[in-house]
Amino acid sequence: MKKMLIIGGVIAVGIFTTCFLGACSSGKSDEGSAGSPKARETLMGTDADGNGVRDDLDVYINTTYPNSAKTRAVLQQTAKALQGAILDANDKQKSLQHAEEDSRAHDCLVYTRPNDFPQISSELEARVANTDERLRAYL
């Protein structure tokens, strides 16, 4: 439980820090209510290659870490878990499942990048929750 609280704190700080520095969208969306199909589509974003990671996140991961297949793999694992948490924010069982997935991904990131995992994690989390709607669902 303590580990989850620490992880949650790191996530929140990373998202808020990056959002205040301008990485998050500041515009309001008129995509519909939170439960509408259009709102869910907005939360999901585009995944043209069907790998379970939004295209903008794929581009970020692949261009930021082109020389480390392990780092890319663990960040894709993390992105999938975080995106799932956003999409299933209103489902307690699925939220618990995504928290477990994120915890496993975090452990892999710590193992893979022991010296810089906090910054890497915070940067990815801020990009996952890069709109007002995604941030609200995530928190």
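How many helices and how many strands does the protein chain have? In this predicted model, the protein chain has seven helices and zero strands. From the N terminus on, the order of elements is therefore written α-α-α-α-α-α-α.

Buried residues account for 36% of the 139 residues in the protein chain. The chain exposes about 8,100 Å², and 57% of this area comes from carbon and sulfur atoms. Among contacts with a separation of 6 or more, 67% join residues 24 or more positions apart.

| Helix | Residues | Detail |
|---|---|---|
| α2 | 37–44 | contains Met44 |
| α4 | 69–87 | end C-alpha atoms 27 Å apart |

The buried residues of α4 are Thr71, Val74, Leu75, Thr78, Ala79, Ala81, Leu82, Gln83, Gly84 and Ile86.

Met44 lies in helix α2. Its relative accessibility is 37%, between the limits of 20% and 50%, so Met44 counts as partly exposed. Neighbours within four places in sequence aside, Met44 is in contact with Arg54, Leu87 and Arg134. Arg134 is 90 residues from Met44 along the chain, while the C-alpha atoms of Met44 and Arg134 are separated by 8.8 Å.

Methods
Residues are numbered from 1 along each chain as its sequence is written. This is a predicted model: local features need pLDDT of at least 70, side-chain atom pairs count only at pLDDT 80 or more; totals for chains, interfaces and linings use all residues. Side-chain values use heavy atoms; hydrogens and water are left out. Helices (H or I, at least four residues) and strands (E, at least two) are DSSP runs, numbered from the N terminus. Buried means under 20% relative accessible area, exposed over 50%, partly exposed in between (1.4 Å probe, protein chains only). Contact means heavy atoms within 4.5 Å. The expected span of a helix is 1.5 Å times one less than its number of residues. Accessible areas come from the Shrake-Rupley method with a 1.4 Å probe; for residues, only the protein chains shown count as cover.
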